[in-house]
Structure formats: structure tokens, C-alpha cells
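Trainee: Could you go through the pockets of this protein with me?
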Amino acid sequence: MIFDKWMEYIKDDVKITSLVIPGAHNAGSYGMNKMAECQKDGVLTQFNYGIRHFCLRLDTDRRGNLVLAHGISKGDLFENVLSEIREMLVSSNEILLLDIREYYDQKFGPVTLRFKADKNKINDLLRRYISPAEFAYCDFDDIKNVTLGDIRKAGKRYILINENEDYEYSRSCSCILPWEKDVNGAKAEKFANETLRFFDDYQTDGLYWFQTQQTPNLGTEIGMTPPYKLDEALIPYFKIMTDGIKNNPFYLKSANIIAGDFMTRDYMKSSEILMLNVYKGNVKDELVEEYIEGIRQ
């Protein structure tokens, strides 16, 4: 299997916005309570399953530590996550997209919950563990013009994404994340079919972040079902989404970051997502057969 090194098979001239990249929705939510947990394993294991886009949301615990957050649920220490990312940098030459920010404000009627993560503390930890000055690629004006080869030639290893450029060497990247309550709150088969419509209704020349997981929400068909139960029900319909993308030229052209819950349950999701790079012509011609064999084992 090649999930820990699949980017080695991709052509230099492929734009980051055209590359199909498996992502982990709420990558840092492992170990949280059953309604907040969207991944079962840490980011290093996720990496070994092919994940290259990591959605990391931060808050501060009662002791003043920076921690991973999913709403009011708090998880692992941020420095533990960065330690695992450092191991990725040491053990491979893969390129990562690190989408890091405070967890966004949440409104519940008249109440607004706000989450805080001190920028200076974040910068200190970033410098200590993943050396942005050495590894962060930030020499670009628009993400739509960046190729995999640009990052490789610069000797860099990741793009640190933050919409406000709050952290040293972070960049604001144009990005779209389609979500609709009724669609993302639909039952599995309906969701798998209807979510493909997002490619028709939402366009961008930046990063296209397509979610393949439902969202527990009051007032929807699925209500407040735990994410793990939703994922179990969705697995038989997952290929509806990837086949729908493969068989529609416009959807295939748009396909970019494809994220999901519980990406380390097995290799099926990453395998289906990574096959889209073959259909897009992103894989080096002489390595296509080896790539297919490596992600289909």
C-alpha cells in the first residue's frame, strides 16, 4: 500500500486546487465524547491512511492549555498533535495542508459561545514543533496558482492555512465549504445523492472542500445521532458520491479536498478518493498502474 507516500506519484504541474486530497473532518476530535468525536485515531495514523488535509480547531482549557476543540468539547493538547505532525515531516516528503484556527463562535438563541486560543502561544508551539520558517510554503499570491512542484522546488512541506493570517507564515486561501442543513441532515442514501448537487450550486477557483459526512442537528431527519452511528449507515452509500464525481466531468474537474468522518476505520474512503486522481490525469503516466495497485490493496 502507498497511502503514506501517495503524493510521490503525482505530477509536478498539478495545481493544489486540482489535486484530489483526502481530508479529515475535525481531525483533532479523537477521544472526545460520542457526539463530538469524528475521528477515532490521532493525526499520525490519519496521515498513514492517506490524509493530507487536517482541520484543526482550537480552544483553551481551564488550566490555560491549548487544546483541540469541537464546539464545547475539548480534546488532546495541541502540542501533542504538533508532535505527530513533526513526525510526518521527519518520516516523509509528503505535502500537508494544515487548516488551523480558533473554533468559530457558536450561537444558541440569544447566547453566543466564544472560543479563545492565544496567538502568541500558538506561534510558540508552531515554532517549537513544526518550524514554519523552514517548512511552511507561503510565497504565493493566490492558492489557485500553486502547483505541487512549486512547493517541492521550494523545499517546503506544508501550507499553514488561516483565513486571518493570525500566525507566522500562515496564509489566507480562497476556499469554499458547501453545507446545507437539510442536505447534511438527511439520511444516508438521500445525503449521498443530494450532496453531489453542491458541485452545481457552489463554485470557486480556490480550494473546494467537499464534505462526505452528515451533520447531527436538531430539526433534521437524522436529529442528534452520534457521528459514528451515522458513518456506519453511510458506508454502503459512500461510492455513490465518489462514482458521482468520477462520472460527471464538471464534478471531477471541481473535485479537490474530499473530507470525511472516521477516515481510519479502513482504507476504503481514502482509496475511493485517491482513485479520482487517476481519472483527472494527475498521476505520473509511468506510475499509474503502480499507484492503482497501491491504493487498491
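Mentor: A pocket here is an open set of points on a 1 Å grid over the protein atoms alone, where a 1.4 Å probe fits, with protein on both sides within 12 Å along at least five of seven lines; lining residues have an atom within 4 Å of a point. Points are joined across faces, edges and corners, and a volume is the space filled by probe spheres set on them. This is a predicted model, in which local features need pLDDT of at least 70 and side-chain atom pairs pLDDT 80 or more, while totals for chains, interfaces and linings use all residues. Residues are numbered from 1 along each chain as its sequence is written, and side-chain values use heavy atoms, without hydrogens and water.

Trainee: How much space lies in the largest pocket?
Mentor: The largest pocket holds about 1200 Å³. Its lining has 37 residues, and His 70, Tyr 103, Tyr 104, Gln 106 and Thr 215 lie nearest the centre.

Trainee: And what is the volume of the second largest pocket?
Mentor: That volume is about 260 Å³. Thr 17 is among the residues lining the second largest pocket, as are Lys 144, Asp 205 and Gly 206.

Trainee: Is Thr 17 buried or exposed?
Mentor: Thr 17 is buried, at a relative accessible area of 12% (buried means under 20%, exposed over 50%, partly exposed in between, with a 1.4 Å probe and protein chains only).

Trainee: Which residues does Thr 17 touch?
Mentor: Leaving aside residues up to four places away in sequence, Thr 17 touches Ile 143, Lys 144, Asp 205, Gly 206, Leu 207, Ala 255 and Asn 256; contact means heavy atoms within 4.5 Å.
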